[in-house]
Structure formats: structure tokens, C-alpha cells
Amino acid sequence: MTTGAWEAVRKAVDAYDMHAVARLAAGFGVDERREVAVELAAYLPVARANGEQDEARRRERDIERWQELHAREPGTSIYSLPEAQELMRPRVLDRWIEPMRVAGAATLPGAAAVAAWLGRRELRRRTARWEETVDDVPHLLAVLTARPTAWQSDLAVRLALRLRGARFEPDNQVRLVLEMLRRTGAEPPAHDPLTLAWLAASTPSSATLAKDVLLDAMVPRLFETEGVGRALRDSTEWPKALHKLTALSLTGAARVSRKALLSGCVGRFLRGGQAADLRFFVRLHDLLDPTDGEVAERGRDYLRLLHSAPGNVAELALKRVRRLGELPVQEAGEAVLGLLFRPEGKLVVAGLGWLERLLRDPAHDLDAYAAALATALAGESAAVRERAVKLAVKHQARFSPLGAETIRQALELLPADQGDTLAAAFGGEANSPEQAPAPLPPRSLPRPPEPGRFESAPATPEELAELRPSPYDWVSSELWLDAFVRLADRDRAALAAGLAPLAVQCDDLRYWTSPWGEPADWAVAMARELNEPGAERTAPSRAGRPASETSPMREQILSNLGGVPTRTMAERLPEPEICDASRYVPVARFAEVYSALLDGRLPPYLLGTPSRADGGLDAAVLVERLEGYPDGVVPLPWDLRQALLRLRRSGREELVDRARRLPGEAGRQIAKRLTDRPAEPRVTLRWTTQGDHPHVAADPQGDHPQGDNPHGAADSQGAADSHDEAGQRAATDPHTVTDPGVARDQRVVSGVTGDPRVVAEIILAPEDQALFGDLLAGRAREESCERLLPVLPGYREVVAARTVYALLSSWPISRPDRQDLNRLACAEGPCGPGMGLLLAWSLLSGDHAPPPTKQFLWMAASGDLPGEEVGRQLAILLPRLRSNLPDLLRTLGELAEQGAHQEVWQVMTGLLPAYLPSERATTAHTRLVAFAADAAAWAGARGELPVIADLAARTRTSDLVRHARRLHTHLTNPPPDQPTAPNL
């Protein structure tokens, strides 16, 4: 016998009313609770299915409402309308979840069952920015606190143990767990996710934390839980709040023990970790500022931290160790040795100063410090080595034979000049002066693979009907359009029959909507036009008819339109200023074919369909296609434009006469492109953090550089300017124009301050202005290299420059990958800063992929590698990716060994002037110049580099200066086969 409780709860769940569920549960007895509990689990899939159906119906109503607004307000933006604002407001999805959670919490008998119910995957709300939040915690607390106290405590602990992962913001489950623990007084379990959840839900205020009953249990766990340091690495409020809690209150007792915090920090330091993750504990320790007594109590711990703790912790420990007074000889020697082993120059210098003070004490046995001194002699810093050599020579007489032997073992690690000084005092043999490596034997470079033939278009209407043109697959769009035109010329009736299922998808309402932004939008209209000639022009006459009671919503909208005219072709095309060129060109070609279909002027086939798999079009194929056009057939303008943009650069000279004999303007344009390859668009890159758009402009005076590399000195200056801005600080003015005469596009897209963008500035040659037109005028988002390159297969520098916009962005947006680099390395056209940046980024493993060895070698073999530009872009990236320098030098060395030694030296000639410092040098600069000296020898390079000459002329000797002198000597000496002029 049923009580009717479940039926009432089910109705409340179906109505998405958790308030009603809580009210019903408050009046239930044991039998009613049992009846509801039995039915709940089986109803979960039903509730979810009902909710999904409701959401689907609501989305369909919203879509129809959007279409109605578009049709009612032609040619205007509808987003400011009140109706549109209502459609865009956040919505609550999966509204059945909270009523089901409340029902289970109120009726399931055991604490384990309730904890499992509230932790079920289906009942976890995954909120997003566009969703409205729902708070079910008050209703859950209302039904749970009606249970016995011991039961509530058990549930609180069980819920806490079910928490998983780190939460950056407290969700409903976290808030419920913490509130249950506070209300029941249950001991919080030692569970890392619980500690992180408490952090996320707590306010870092001493006044608020002091009132929290969970504080005493949670504070010790801050130093034990993994992830606390990562969560609080940037927080300054939490250290301040905890420090204030150690102050004595009016009652005379501190809310948190100072000793517990200090011991917790030191213990956390000893456990190790990343420097950034320990930043919070360092801040807290500095605020606590231990006294001399507290430092002495933990003296051994601070000494242990000098050896291997992260740099910020080691500095903290060194500061405290200096307050310990004189240490035993053994402990002092180990501490200094630990400092001298460290990679941080500041700590090494501090350790060397400490060692110098210890060596001055006549009471000390210097053999205890021999290992530390030998470590300093083997250091990377020339200044540290020089100082260590002077100390060793100064105190040589106080070392025993055993200590002297330890010092002598460092001789083989010292350069010749420092080794000679040490050997004179301790004996042994110093290294001979460094010799340049022998030139590498020549090796043949691998040629880039030739692109294969383009796929064959569908041969029958049935095959075409199975193909769907996609905006994300350029091949499908090309094949569909090419097959449609050919089949329409061959047998239009058969094509209409084959595309009849596609024609059904084009209803009358489509003619009032715009834009048609995808090839498929035009494909369905073309299919309908074949099956129903004149449908485009008869649609207005059907508007205004009364809709029947059974007509669907779309017919009702069409009936309400009355005599509103259909859109023109221009209105249906997306605006090129806010559209990717890779998206706009295919859509424009579909629109052109559709318009020709309406007007009865379709050609027998298209000219612009590629003949190569990379999107290229062979000149012989293009000429042959145009020769095959019957008399009187005029090529479609966009089709001819795409053909010229795809025209390959090789094998064209013998076709000029044939092209000149072709009738009409198309033949003259093709002959001109085959005769004189116009100057390439000139590209410069500029870094910004303001999210501004790339832009394109015409060369105002037609003064365009000619030759294989048309980028000239402007690019070098642009790269140097970019290095100053991007390598050191963000650009201060996002609208600075790099090149004179360029009109800046002032539109700005939303971006995150500090997130770098690489803005392409493209100047077109006069010959290319009509061809490119407004294709490069703007962009609404990052361009896809995979889709843009087939549109501009002969202009890889333009493609590269358009796709590196978000290369260094920390946001998950489109950026070129290794497959894109493969495509560009095999493409045609000169290279400039865009390709240079992409190659530099890959060489530095910015994309976390293996080194681009084969792509580098391909471009070197074809003579297209922009070596100096790669070096200039490396100079821009190295300040951000300095830790990747060893891998970069190793990769460049491998490339030189594989035959690209000349190109590797070209990279160095671009990198050295842009990256080497004018003042303070680092080990990175030293490694770079040492490698450059080897690369110059491999390439047999000659010719002075001013930046190297300046370094070599410095009077103070360092490793950097020593390698610079070696490089300068090689560059300025005559080649081995050139005799030196005799002195007269």
C-alpha cells in the first residue's frame, strides 16, 4: 500500500522545485521516507531524460526566436534588442539535479547511503560561465539537521572523505561539507582535498579565521597537504592573516601558536618542492622573523637547506645561518660546499665570500675547505673561478699534500690562462689553449617532398550527395564545388535527382537569413535551385500566407514576414573585415557559383580547383583549362582570382606564349603572372599585449623591394624593435605603426592584459593590391594555417605571419603546430619574419615537440631558409625560454653535422647582434658565443661582426670575452688557402 509520498515528490522533481521537496520531506514519517527512498535510484535516468527533453525544446524555441529576430531586423545588429538580451542571459541547466539531491538527503536511511547519493557523478553540477548557479545548501542543511546528532557527524566525515582534487572556488558540495563539520563539531579527517576545499572557501582575514571552529584542525595541515603552496603561491593576505593570529589577544592567549607555524614552515622547506610552490611559506616565515634563539633551536635544519632547497628558500636559510655565529669546521665546510654547488650566482658568490673569511682564520685546517675551493674552481662563472684561483694561490702553503691534490684535480676544468696560474703554485699541467673545431665534411641535404596530386572529384551525383562540404576541411569544399559545376554541365537532371535529399534542407526561411557563412549553406541552396528552378525568386510570394494550426514554428515565422524581400548575394556573404580569409574565399566562390547558376552562366568547369595536394595549381593545368573553355564563356571572377593566387612558381616560362594567345582579360592576367612574378607582400611583426588586429595596406609609393628576399632592412629593424619590447617588457602603445605610410586598422578585440600577441603588418605591392583586395583586411580570431595555406599556397610568408598571432598566448586558442610547419616548409614563396618566428619557436621547443630537424634541412636544401631572420626571432624568444638554450644549441649542432652548417652560421649572425648584451652578461650569453665560435669554424665564415669585435676588445677577461676573442680571431683571419700579405 502506497502512502502517496513518492507521487508528490516525483511531481516536485518534475517541476524542478527543490523547495517543495524540502517542505514535503519535513512532514514525512518513517513509511513515507521508505517509500521515496525505494523509488529514487530508479527514477534518476527518467529525471535526466525529462530534463534533457525540456532543455532541447527550450533551445529549439531560442533558435527559432533568434531566426525571427534576424528576419524582423534585416541589416542591423539585433544584440542590443531586449529580446536578444533575454535570450543571452545565463540559464540553469539540468534543473532536476537539486530536487533529486534534496530528496535523497531527506529520505535515504543511512549516513553512508546519503553520502554516496550526494557524491554520485550524475548529481554533480558542472557549472560554466554561461550558466546560472543554483544554491541547494540551505535546503540540504534543513533536511539533514533533522537527523540524530551522531548520524550527522558520521555523514559530515563521510562527505569530507569523498571530496576529490583541488577546488579553486567552493562549490555546493564543499560548502555543505564544511558547514556540516562546523555544526556537528566532528573531527575533520586528515584528507588533502578537504584542506584545499577549506582554503578555497575561507576568507583570508584574521578576524574571520579566528571565529572559524575548523581553524585549529586545519592550520597544521597547511604544512602537510600537497597543493597548498600551489594554491597560495600568489597570496599575500593569507600569510598576513596567519601572522596576526599569533599575536596575544585580550585574554592573553594567541589564536594560533607561533612555534607551530615556524616549525611547520621549516618542516615544509625540508620536504622540498618547486620554488613557486614554497613562496607562500617563505612569506609566512619572513613575517614570523624568528629570533636568534629560535634560529639556534633549528640551526641544523637551516644548514641542511643550503644544499638543495630552491633558491628562495636557500637565501632565507643563509640569512638565518649567518646569525648562528662561528660553526664547527666540518659543518662550515659542508655549508660552504653546498652553496658553491648551487646554480644561482648570488648564492655562489655568497658562499665564496664565506669561504674567503674562513680561509683567513689561521686557526682553521684548510684541508677541510679544499673540496669547496675545488668546486669554486670548476664553476661556470669566470669571475668566481678567477677569485677562487687567487684564494688558492694566496693560501697554498697552508694546504697539506692531500688538500693540494684536491685543488690540483680542478686544473683540467680551468681555461688555459687560469690553469697556468694555479699550476705554477700547486704543480701539474694546465690545459692548452682552445683550438677551433675542424670544419665539417660536406653532406647532401634532403630535398623537401613534392606535393602529390589533388584528389579526383566525385564522378557521379550519388557520390557527390555523400560528400558534405565542411568549413574545417578545405578539400571537401573544393571537391564538392568542382564536381557540382562539372556534373551540372554534363547532366543537370541527373544531378538534381542525386541532390534532392540535400535540397529538402533549404526551406523558404533560409532566403531571409544572413550571412550564409559556411559552404554547406550555399550547397543546400544550389541543390534546391536545381530541383526547383527559380525558388530563390518565388520565395517572397509565399510569405504572408496565413499559417495553419498544425504548421510548425518556422512556417509561422515565414507567414509573419509578409512581403519582406530576400537577401542579396552581397548581404549573404560574411564581412571580410571580420572573417578569416580561409573561410571567406571558399564561401565567396560558392556564392559566385550559386549566382551563376541562377543567371544561367555556369562554365563547364572551374579554373581555380587545385592540381596539387597542397592547394597549388600548375601553370600548365591552368592554361590548358582556359584553352578548353568554349568561345563566349567568361571565367567567374572569384574563380580566376583563386586560380592566380594558387599559381605555382615553377615550370611557367614555356607557357607564356600560349597564355598570351588566349582571348579575353583572363588570358592577359595569366600571361602577366607567368611573365613577371610580382614583388611579394612585405611583412613585419610587432608584439603587443593589447589584443589589436593585424592589418594590411598598400605600398603608398609603389617602392617595393625586389628579388628572392623582399623583406629588406625594415624587417631587421622591426625585429630589433620587437626584441626591445617583447623580450624585456610589454609594448606600451598597441597602435604604433612600424612602417611609414601604413594605415592602422583601429579595431580592437577583447584580450587579456599581459598575454602576448604577434601582430602582422602586411604591405602589398601595387601588382598584388587587386589580387589580394580585402582578403587580409582583418580577422575575428586566429587564422588556421591548415585552411589558409591552400588559399594562398604560393605566399607562405603571408600565411605564416597570419597564423603566429597567438603563438605565445597562454590561452587555449589556435596556434600553428608541427604539421603546419611541415606544410609551410614544403610550400612556395620567400620567407621572412613570420617563417623565422615559427622556426625559432620550434627550435626552442616552444610547442613541446621534437626539434624541427627535417623541416630545417628541407628549407636549407631548397635555399629558402631565412637564417638571419630565424636568429633575430630567437633573440626575441630567448628571454622567455632561456632555460631551453642548451637544447637549442644541441639541435643546431646536430643540424650542422647533417650538412646545414652554413645555414646554422646564418642563424648565429642574426642572433648574436640582437641578443648579446651591452652591459651585464649571463652564462647563456657565454654558451651562445662559444657555440658561435664553433659554428663559424664549421662554416668557414669570414667577416667581422661588430658586436663580437666589441666584446673581444674588452680589457677584463671572462669566459664570454675569451670565446668572443676566439670567434673574432677566426672571422678576421684570412682563409687557410689565402696567403697573408708580406710585411714590406
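Visitor: Which residue forms a salt bridge with Arg233?

Guide: In this predicted model, Arg233 pairs with Asp277 in a salt bridge whose closest N and O atoms are 2.4 Å apart. The pair links distant parts of the chain, 44 residues apart, with Arg233 in the loop between α13 (228-231) and α14 (237-244) and Asp277 in the loop between α15 (258-271) and α16 (279-288).

Visitor: And are those two buried or exposed?

Guide: Arg233 is partly exposed, having a relative accessible area of 26%, whereas Asp277 counts as buried at 9% relative accessibility.

Visitor: How many salt bridges are there by this rule?

Guide: The count comes to 57 salt bridges. One of them joins the side chains of Glu179 and Arg183, at 3.1 Å from N to O. These two residues are separated by about one helical turn because they sit four residues apart in helix α9 (residues 172-184). Glu179 is partly exposed at 26% relative accessibility, and Arg183 is also partly exposed, with a relative accessible area of 49%.

Visitor: Okay, now Arg625. Where is it, and what is the nearest side chain of opposite charge?

Guide: Arg625 belongs to helix α35 (residues 619-627). Arg625 is buried yet has no salt bridge, and the nearest side chain of opposite charge, that of Asp482, is 6.0 Å away.

Visitor: Changing topic, which members of the largest nonpolar core touch the most other members?

Guide: In that core of 149 residues, they are Phe484, Met526, Leu792, Trp905, Met908 and Leu912. Helix α47 (residues 885-915) supplies the largest share of the core, with 14 residues. Apart from neighbours within four places in sequence, Met908 is in contact with residues including Leu892, Leu928 and Phe931. There is also a second, separate core of 129 residues, which includes Val102, Val143, Val256 and Leu366.

Visitor: And for the protein overall, how many helices and strands does it have?

Guide: The protein has 50 helices and three strands, and 53% of its 984 residues count as buried.

Definitions and conventions: Residues numbered from 1 in each chain as written. Predicted model: local features only at pLDDT ≥ 70, side-chain atom pairs only at ≥ 80, totals over all residues. Heavy atoms only, no water. Buried < 20%, exposed > 50% of the residue type's maximum accessible area, 1.4 Å probe, protein only. Lys, Arg positive; Asp, Glu negative; His and termini not counted. Salt bridge = Lys/Arg side-chain N within 4 Å of Asp/Glu carboxyl O. Core = buried A, V, L, I, M, F, W, Y, C linked by side-chain atoms within 4.5 Å. Contact = heavy atoms within 4.5 Å.
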